[in-house]
Amino acid sequence: MTKENLILLADAYKYSHHKLYIPGTQYIYSYLESRGGKFDETVFYGLQYFLKEYLSGVVFTKEKLDEAETMLAEVFGRKDVFDRSRFEYIIEKHGGKLPIRIKAVAEGTVVPVRNVLMTIENTDPECFWLTNFLETLLMQVWYPCTVASVSREIKKVVKKYYEDTASAAAFAGIDFVLNDFGFRGASSVESAGIGGSAHLVSFAGSDTIPGSLFAKRYYDAPTAPGLSIPATEHSVVTLLGEAGELEIFKHILNTYPTGTIACVSDSYNIFRACEEYWGTALKEQILKRDGTLVIRPDSGDPVQTLLKIFSILMDKFGYTTNEKGFKVLPPQVRVIQGDGISYSSIPGIFEALKQAGISAENLVLGMGGALLQRVNRDTQEFALKCAFAVVNGEAINVQKMPVELDATGQLRTSFKKSKAGKLRLIKDNNTFKTVGAGEATDTADLLHTVFENGEVTLSYTFDEVRKTAAL
């Protein structure tokens, strides 16, 4: 892939900071954390992509510098903000490679909020301004971390309802319960790749092929970690109109006589489709298949629609009762709900099935925009802040500690209070804890150097990330 011009990948105001840092500044050390948010813990994932794609190797060249100088003169309308000599120094002294050290917790690690996840510092005192110049790009790690966290939290919900209602044999299929349908709803192909691979940290079902591409390209996945099946869409099913829906359904079964296939069935009347077509006219063909038909509703209230569909299908196809006392359709028939699926709606759906005596193993889910797009940096309150500096040879612990007014007008310390000093991440009695660089020195630091002076120094495979993040 062609690398973007890194010299232009910062917020515009940062180009003035080389002048605005106090004279004598030599080192700037900053850290990344999730300050709180929707979930109590965060999956750290995705930094390796940004290191390999944007930061590694020769990233500053004369040609890129020329392009940046022209652009930034237009942006600022003045010549005293952008200083090309700062970048020329890196090109001449470091061959265009970044004199930066980045330490981070192992990818896939699940860390409680308000702990250090990553640190960044300059290794050449002339490049003190470079540390936080890279904040804009590196902060985007919030996105894969957040998607990976959402997927993992959903897996917790799925696992709970499997433990409550599913047979022991069904647990092998948990990795395929949540399927990524989010490619078309993502903001870009890159977002689909980054977010799609983040989902695959916890699940294996996906229609977002860029997710698998990213896992192979940047995390050395030996094969595509996102798996899919043949499936219809409305353009396939509605081709012969309402009167021809049954004929289309039969054609679908004939086309794939074995294996798992999915068919959207709400083009006209999902309940008629389940009762008269799948459950009567095509019943024997379905039950004789070596494989599973997955029936997909795509409209209506998910809970009410699913309860009625399962009632019809169990009446038509019969069911067994598993060892936990919950009903299970024959293995040739399952249902996928891909409409209205989100972290907030999933528990209610599975709880309704449980109350109706229906095992969770009958249902799989597809999640689109809510998985890859309905997240932002504030979902987990990500921030990157300076915590330490060296000015004229003097080490300084740096911290911000805002006071703010609450809703009643009372003063309080803001949750945006930052940490001070160089940091380490340790495990104390099996609990993650952020400490100062000089504290608990007999306990291993879980932050490892992953990037130094232009080179990725430690990589993780996708299998390693999955194992680290596993429930």
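Met 118 of strand β5 is the bridge partner of Ala 104. Strand β3 (residues 100–104) and strand β5 (residues 116–122) run antiparallel and are joined by five bridges. Strands here are DSSP runs (E, at least two residues) and helices are DSSP runs (H or I, at least four residues), numbered from the N terminus; two strands pair if DSSP finds at least two bridges between them.

The model is predicted: local features need pLDDT of at least 70 and side-chain atom pairs count only at pLDDT 80 or more, while totals for chains, interfaces and linings use all residues. Residues are numbered from 1 along each chain as its sequence is written, and side-chain values use heavy atoms, with hydrogens and water left out.

Both β3 and β5 belong to an open sheet of seven strands with antiparallel pairing, in the order β15-β14-β1-β5-β3-β20-β21. Its edge strands, each pairing on one side only, are β15 (394–397) and β21 (455–456).

| Strands | Sense | Bridges | Partner residues |
|---|---|---|---|
| β8 (residues 261–264) and β9 | parallel | four | Cys 263 and Ile 295 |
| β9 and β12 (residues 333–337) | parallel | three | Leu 293 and Val 333 |

Within β9, Leu 293 and Ile 295 point one way, whereas Val 294 and Arg 296 point the other way. In a regular strand the side chains alternate between the two faces of the sheet. All four of these β9 residues are buried, a term that means under 20% relative accessible area with a 1.4 Å probe and protein chains only.

An unreviewed UniProt entry places the feature "domain: Nicotinate/nicotinamide phosphoribosyltransferase" at residues 176–437; such annotations may be inferred rather than shown by experiment. In the model, this span is 32% helix and 23% strand, and its end C-alpha atoms lie 42 Å apart.

The model also contains three cavities of 30 Å³ or more. A cavity is a set of points on a 1 Å grid over the protein atoms alone where a 1.4 Å probe fits but cannot get out, and lining residues have an atom within 4 Å of a point. The largest cavity holds about 70 Å³ of space, a volume being the space filled by probe spheres set on the points. Its lining includes Lys 14, His 17, Asp 83, Arg 86 and Trp 129. Helices α1 (17–20) and α4 (84–94) each supply at least two residues of that lining, which divides into five nonpolar, two polar and three charged residues.

Note on methods:
Buried means under 20% relative accessible area, exposed over 50%, partly exposed in between (1.4 Å probe, protein chains only). On a 1 Å grid over the protein atoms alone, a cavity is a set of points where a 1.4 Å probe fits but cannot get out, and a pocket is an open set with protein on both sides within 12 Å along at least five of seven lines; lining residues have an atom within 4 Å of a point. Ala, Val, Leu, Ile, Met, Phe, Trp, Tyr, Cys and Pro count as nonpolar, Asp, Glu, Lys and Arg as charged, and the others, Gly among them, as polar.
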